[in-house]
Each structure stands twice: as C-alpha cells, then as structure tokens.
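Good morning, and thank you for making the time.

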Amino acid sequence: MTLLADIREAPPVEPGQNLATVSNRVSDIALRMPTPRWWWAGFGASFLLFIILCIAAGNLFVSGIGIWGVNIPVAWGFALANYVWWIGVASGGTIISALFFITRSEWRTAVNRVAETMTLFAAAAAGLMPIFHLGRQGLFYWLFPYPNVMGIWPQFRSPLLWDFFALLCYIIASILFWYIGLLPDWAALRDRAPTRWQQVFYGTLACGWTGAARHWKRFRVVYGIMCAFMAPMVMSVHSIVGLDFAGGLTPGWHSTQFPPYFVFGAVYSGFATVLFLVLPIRRLYRLEAFITEYHINALAKMMLATGLMLTYSYALEAFMPYYSGNPYDVKQIRNDFFDLYALQYWGKILFNVVIPQLLWFPRLRLNEPLLFLVSVGIIFGMWLERYVIVVSSLYQDFMPSAWYFFAGSLWDWLTLAGSIGLFLTGIFIFLRLVPIIAMFEMRELVHREEGAG
Amino acid sequence: MTLLQLRRGALGAGLAGTVACAIGAIWAPQEFFAAWLAAYVFWLGVPLGALALVEVHDLTGGRWALTVRPGLTASLLTLPLFILVFIPIFFFLPELYSWARPDEAAYLPNTFYLDAPFFIGRFAGYFVIWLILAAIALLRSPLDGDGASGGLGAVSGIGLVLLAFTATFAAFDWVMSLEPHWFSTMFGLIVGSGQFTTGLCVVILVALMAKRMPAPGEGPPSDRFHDLGSILLAVLLLWAYFEFMQFLIIWEEDLRDEIGWYVKRLYGPWGSVMLTIVLGHFVVPFLALIWSPVKRSRGALGAVCALVLVTGLIDVWWMVLPEFPGGFTWFAPVAAMGMGGLALALFLWRFERGLAKAERRIPAPRGVRFERGVSHG
C-alpha cells in the first residue's frame with residue numbers, strides 16, 4: 001500500500017543495510033551495548049513513579065476508596081478515566097500491529113514491536129484500574145460467573161460484565177501475540193549471546209526455535225491467524241468500553257456513536273503513544289537507518305486521519321443534543337461548553353482537534369521536536385477527553401439535589417502518576433532486554449528492497 | 001447482452017418506471033414520494049460511493065483502482081441527475097416530512113433545524129460540495145499508470161472530511177427526520193457506509209461484466225478482483241458493526257423516544273425483512289468473501305455483489321417505508337427501477353466512452369489519462 005504520495009522517494013530502509021547489519025545493529029542493543037546513562041536516569045524516574053503506584057494502591061487497599069475524590073453521583077472518577085485512557089493506548093498498539101499486517105503496510109515493520117510492547121504494558125495499567133475501583137478488591141473474582149452456594153450470577157446483559165471478559169481475553173491474547181511474534185528474535189539473540197546467562201535466558205524464551213523450514217511455516221500460519229483474530233478483537237474490546245457508557249441513561253453517555261467514537265480515540269492515542277516512544281528511541285539508539293522518515297511520516301499521517309475521525313464524533317456529540325431537544329442532553333453539552341469542566345473540555349478540543357491540524361503540512365510533520373510535542377499533547381488531550389466524559393456527565397445528574405463537584409484528591413493524582421510509572425518501567429525494561437525492532441521482519445523487508453533495487 | 005443493449009434496456013426501464021410513478025402519484029402522492037425517496041437514497045450511493053473510493057485511493061493507493069477506473073469515472077458523472085430527481089420532493093415536503101406540516105411541527109423541539117427553507121439550503125450546500133469534489137476528482141486525479149496514488153494528498157483528505165460531514169447530515173435530513181423525534185448519532189455512519197457499499201458493488205459488477213475491460217499493467221486481473229473483494233468484505237463488516245451497535249444500544253436502553261423506531265421495524269412483516277437484510281447484506285456475503293476462491297471467480301464475486309445490491313435496496317426500504325401508513329407499495333420497486341434505469345443509462349453511456357478511449361490508448365505504456373477526455377466529451 002502506498003500511503004505516501006509526497007515522500008515516496010524516502011525508502012522504508014536506508015540504503016546500505018543488508019541482512020547482517022539488521023541483526024547486528026538490533027541484537028547488539030540487547031546483548032553487547034553497555035547500559036547507557038540515559039537509560040538509568042529514565043528507568044530510575046519511572047521506577048520511582050512505580051513505587052508511588054504501589055504506595056497509592058497499598059493505601060487504597062487498607063483505607064478504601066474514601067481516599068479518592070469520588071462520591072455519589074460522581075462514582076466513576078479517575079479510575080475509570082484512567083482505565084479508558086490506558087486501554088485506548090493499548091488498543092491503538094494492537095491496531096497498528098495487527099490491522100496493518102493484514103493490509104500489508106510496509107511502514108508497520110519497523111514499529112510493530114514497539115507498538116505491541118506498548119500494548120502489553122498499557123493493558124496492564126488499564127487492567128489494574130477497574131480492580132482498584134471495586135472497593136473490595138479481594139472479591140474481584142465475583143465478577144466471574146462461577147457456580148456458588150449463594151446462587152448469585154452476574155448480570156449477563158450488562159456491558160460491564162462483557163467488559164470484564166473482553167479485557168481478560170484481550171490481555172491474554174496481547175501477551176501471546178507479543179510473545180509469538182518474538183520467537184524468531186529470541187532465538188536470534190540466543191545464538192548471538194556472548195555470555196552464559198544471556199544464552200540461558202534467551203534460550204529459554206526461544207522455546208527451542210531452530211529456524212527450521214517447518215518452524216517458519218507454522219509460524220507464518222499462526223501469526224497470520226493471530227493478526228486476523230486480534231484486529232476484530234481489539235475493535236470489539238474498545239467498543240465494549242464505549243458500551244459501558246452508552247448503555248447508561250446518563251446524558252452525555254447515552255449516544256449510539258459511542259463504540260466507534262471510542263475506537264477512533266483509542267487508535268488516535270495509540271498512534272500518539274507510538275510516536276512518543278519511537279521518536280526518542282530511534283535517536284537514542286541510533287536506529288535512523290531502520291526507523292526512517294518514511295515511518296514517521298506515515299505514522300503522523302495516520303494520526304492526523306484518526307484525529308479527523310474523532311473530530312467527526314466530537315461534532316456530532318455537540319450537534320445531537322440540540323437536534324434532539326432533550327433538555328438534559330442540552331444542559332449536558334452546555335455544561336461542557338461553559339461550566340465547571342469547560343477548561344478540560346476546551347483543552348481536549350485544543351490538543352486533539354486544533355493543534356494536530358499542523359500535521360497537514362509535510363514540513364511540520366517531519367519536524368521531530370514539533371511532532372513529539374504534538375503527540376504528547378494528544379496523549380494528554382485524550383486523557384482530558386476521558387476525564388470530561390466520565391466526570392462532566394455525572395456531576396450534575398437528573399436530580400439537582402444530588403449535584404456534586406468532583407475534583408481528584410492527592411491519591412487520585414498519585415495513582416495516575418503511578419500508572420504512568422508502571423507503563424514506563426515496563427517500556428524501559430523492554431528497551432534493555434528485547435530486540436526493539438522485529439529483526440526477522442526487517443530482514444525480509446531489506447531482502448525485498450534489495451530485490452527491487 | 002452487449003453494453004449497448006443494456007443501455008437501451010436501462011433507458012427504457014427508467015422511462016417506463018418514472019412515467020408509471022408519475023401517473024400513480026396523482027392518486028397516491030405520499031406512497032409515491034416515500035418510494036421515490038427510498039430509491040433516491042439507495043441510488044445516490046453510486047456517485048457518492050465512487051467519490052469516496054476515488055479519494056480513499058488517492059490517499060492509500062493500490063492497484064485495484066485500475067480495474068474499476070472507467071466505472072468510477074462514469075459513476076461520478078451521474079451526480080447531476082440526482083439534483084434533478086430530488087426537485088419534485090421540494091414541492092411536496094409535507095407529504096414526506098411531518099415537520100413540514102405546520103400543525104405537527106408546532107410540538108417539535110428542533111424546528112430550528114427541520115425547516116423547509118433551511119432544508120433546501122442544506123440540499124444545495126451538499127450538492128455544491130459534492131459537485132466541486134467530483135469535478136476535482138475527474139479533472140485532476142490521475143488514477144493512472146502504475147495504480148499508485150494520484151498525488152491529490154491534502155485535497156483528498158479535505159474532500160473526505162467534507163464528504164463525511166455532508167453525507168451524515170444528508171442522512172439526517174432525508175431519512176432520520178422522517179421521524180423527527182428520533183435521533184441517533186450513529187445514523188450518518190450507517191447510511192453512509194450503506195451508500196459506500198452500493199457504489200462499490202456497482203463498479204465491481206460493471207467491471208466484471210465488461211469483458212473488453214482494458215487491463216494496463218501486469219498481473220492477472222483476477223488478483224485485482226481479489227483486492228476489490230477484500231475491500232467489499234471490510235466495508236460490509238463496518239456497515240454491520242455500525243448497524244448492530246446502534247441497535248444494541250437502543251435495544252438495551254429501551255427508552256420511549258428511541259425504541260419506537262425499532263418497534264416499527266422489528267415486528268410484523270418488517271421483522272422478517274430485517275432478517276433478510278441481516279442474512280443477505282452481511283452473513284452470506286461475509287461467509288462467501290472470507291473464502292479466497294470466491295474473490296477470484298468472476299461469477300461468484302458478481303453474485304455476491306448482486307446480492308449485496310438487492311439487499312442494500314431492501315435495507316433502504318426498511319429504513320424509509322415503515323414511517324408511512326402505506327408501507328411497502330408497488331411504487332417501491334417501480335421507483336427504484338425508474339430512477340436506477342435512468343442512472344444506469346447515463347452511467348453506461350459514459351462508461352462506453354471511457355472504455356473506447358481507454359482501448360485506443362492501451363498501447364501507451366504508462367500514464368493513461370482518459371478521465372479528462374471523458375469529462376470534456
């Protein structure tokens with residue numbers, strides 16, 4: 001698929017690379033390179049945040065949800081906003097990796113490993129949030145329908161239950177997808193490992209992969225099926241997240257476009273997070289030959305396209321209350337525009353709609369610092385979007401007697417910061433131990449390019 | 001059957017259907033307009049779907065466009081017809097829309113939007129935008145040579161954004177406002193993806209039927225039909241997704257203002273119509289198209305496209321006709337035949353010229369640009 005009309009000259013791999021240089025460059029990062037100083041700094045900071053998450057969670061388990069800012073009617077506060085935000089980032093990663101494998105997009109090859117890894121840790125951060133939110137976390141298994149002496153079953157018609165199943169399947173499938181995609185590369189690392197512990201470590205992970213023709217044949221089949229399975233699965237997972245909201249009576253939530261609206265937002269934040277990770281990684285690890293301007297341009301364009309789809313949903317979200325004339329819906333959207341959470345609402349419009357329009361211009365698209373800032377803005381804007389959807393729809397319910405102003409407590413913010421720490425800690429460990437570019441797919445691409453040239 | 005015979009037949013059917021409808025409308029104006037509107041929403045998918053395909057191709061590229069290129073051009077050129085055939089509706093808005101009847105509109109909260117002059121103004125706005133986009137696509141888009149994207153880049157990007165918004169609001173105006181109390185934010189995506197499916201199926205079918213199809217470039221043509229089949233599968237999946245999500249959300253909430261729309265369409269005879277749509281517009285084509293040999297066989301792919309087209313028409317009937325006390329009348333198929341015949345005759349007339357020009361230029365190695373010639377001719 002030719003995605004890029006104006007930059008078709010830029011090759012997906014810089015010239016001068018061959019099969020050996022690909023494996024050498026990428027595997028050396030994991031095997032031989034001394035740990036760089038920036039890695040220790042980044043990992044240290046992330047790990048500090050991760051410890052904060054442990055403290056916040058510990059306090060939550062001991063003291064209960066009272067330490068958060070939530071109260072009726074704003075029963076879904078930070079935890080749910082964080083959950084939707086993280087699961088969105090995760091879904092975006094899977095879409096990039098699985099969907100664009102099916103469409104045979106060349107630009108996916110260099111970034112799919114980063115995208116899959118991002119999915120893994122974002123899904124982990126997402127999965128924690130509903131558990132935290134339960135209140136009695138130890139009884140989380142009650143979500144699961146199992147025969148019990150009380151004869152109590154979950155409500156099978158509730159999207160919240162489907163969400164539990166969907167998330168569980170999604171996390172398991174994401175781990176498998178990531179791991180299976182890594183098998184040939186684990187083996188490559190094992191064969192190149194200079195020290196004994198590395199041989200044992202990567203050898204164990206490689207599960208006896210020898211690169212035999214039969215292994216490759218089975219691998220191709222399994223990977224193709226996994227992709228064909230993951231792409232619709234991730235759509236349905238995030239649609240169910242949308243249904244969690246759309247299935248409520250709450251003005252601002254009950255809207256039929258919510259499933260695709262949430263999927264658009266998920267893919268959008270996924271592209272932003274991939275760019276947020278890839279832009280520094282390619283510079284710090286000097287991988288400019290493999291992650292080229294071609295990839296950056298393609299990712300930026302896809303990000304712009306999904307941003308426009310999200311803009312479509314924002315526009316309908318603002319139009320439909322006035323069309324329907326439902327007084328509660330009208331009040332809800334007017335609250336968004338002008339009331340207590342207007343700053344967050346206009347913030348999301350600024351970061352998700354206005355600023356990304358810069359990406360229409362190829363020159364700005366390829367300006368890496370600017371693109372990095374736009375991506376960070378989008379990640380932040382997407383969190384604001386989730387926050388506005390969750391909080392602004394709840395704080396002035398049908399009953400004026402129950403109106404309530406929600407603001408996150410210190411522990412809310414620490415949990416959010418800590419979940420970022422969890423994500424980044426995972427990413428840093430990955431950066432050190434795992435080949436950050438799918439070497440075997442890259443070799444295939446180089447081989448094709450050589451053949452074409 | 002040659003293309004010429006097909007064209008004559010289409011023209012004959014078109015004129016006969018239109019005349020029959022016009023005569024019948026004297027006695028049953030509301031039934032006529034309901035059927036006419038349904039036919040309109042269905043057949044408008046031909047130019048709008050083509051427009052979307054041209055712009056998507058511009059942005060993403062792909063060799064499949066070579067196969068359907070003459071069909072896309074001819075589809076775009078049917079757009080002006082759809083201004084003409086809507087004009088009668090302007091004079092009889094109260095027959096179709098309760099918001100145009102003053103006594104009923106008095107109770108509506110949304111008359112700021114559902115108002116006859118504004119409605120006509122919006123119609124004009126949609127068509128100005130569509131005609132400009134179609135003109136740009138015809139004059140500038142070089143869907144040629146190696147099948148790489150045409151380099152319209154930003155123009156096509158902006159075009160798709162405009163198309164998404166105009167098609168959405170057109171669906172709200174023409175179909176959703178038949179029940180002015182009912183609303184759904186998903187509705188534009190449902191109607192739009194349905195129209196896109198129609199446009200895609202028409203160009204695939206015509207490309208399959210035209211045996212003299214010019215095939216510049218290498219590779220067996222069956223590969224390109226394979227890609228087209230995959231695109232059709234993806235679009236059908238999207239359509240089904242939108243349609244099902246809207247249903248699920250409205251069904252599980254069961255609210256007074258919303259469920260009424262489905263109550264009319266799920267019970268009684270329309271309920272079995274819905275099952276037909278589910279089977280014919282999703283289940284059967286889905287099962288067929290995930291099987292690769294179907295996408296490579298001209299006959300099988302053609303049969304799938306024909307099925308999707310027929311059930312697409314039934315789907316539009318299912319959306320439009322239950323709003324009227326008359327329901328399904330003889331007008332529905334006759335209006336669809338009349339308007340479709342006229343559109344098809346215009347389409348084939350352009351299509352043949354496109355083919356003839358393309359054939360003359362086949363020896364040229366690259367850069368076959370016959371769109372410009374067609375649009376001038």
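Let me begin where the two chains meet: 36 residues of chain A are in contact with 43 residues of chain B, contact meaning heavy atoms within 4.5 Å. This is a predicted model, in which local features need pLDDT of at least 70 and side-chain atom pairs count only at pLDDT 80 or more, while totals for chains, interfaces and linings use all residues. Residues are numbered from 1 along each chain as its sequence is written, chains are lettered from A and ligands numbered from 1 in the order in which they are written, and side-chain values use heavy atoms, with hydrogens and water left out.

The size of an interface is often given as the accessible area lost when the parts come together. Between chain A and chain B, the buried area is about 3300 Å², with 70% given by carbon and sulfur atoms; this is the accessible area (1.4 Å probe) that the two parts lose on being put together, summed over both. On the chain A side, A:Thr256, A:Tyr312 and A:Tyr323 supply 25% of the area buried against chain B, more than any other three residues.

What is the count of salt bridges between chain A and chain B? It is 0, where a salt bridge is a side-chain nitrogen of Lys or Arg within 4 Å of a carboxyl oxygen of Asp or Glu. Helix 5 (159-192), helix 7 (213-246), helix 8 (258-284) and helix 9 (293-324) of chain A each supply at least two residues of the side touching chain B. Helix 9 gives the largest share, 10 residues. Helices here are DSSP runs (H or I, at least four residues), numbered from the N terminus.

B:Ser177 is found in the loop between helix 10 (154-174) and helix 11 (187-209) of chain B. Its relative accessibility is 0%, so B:Ser177 counts as buried, a term for under 20% relative accessible area (1.4 Å probe, protein chains only).

Over all chains, the count comes to 18 salt bridges. One of them joins B:Glu323 to B:Arg265, with the closest N and O atoms 3.0 Å apart. The pair links distant parts of the chain, 58 residues apart: B:Glu323 is in the loop between helix 16 (298-320) and helix 17 (331-360), and B:Arg265 is in helix 13 (residues 256-266). Both B:Glu323 and B:Arg265 are buried.

Terms used:
Buried means under 20% relative accessible area, exposed over 50%, partly exposed in between (1.4 Å probe, protein chains only).
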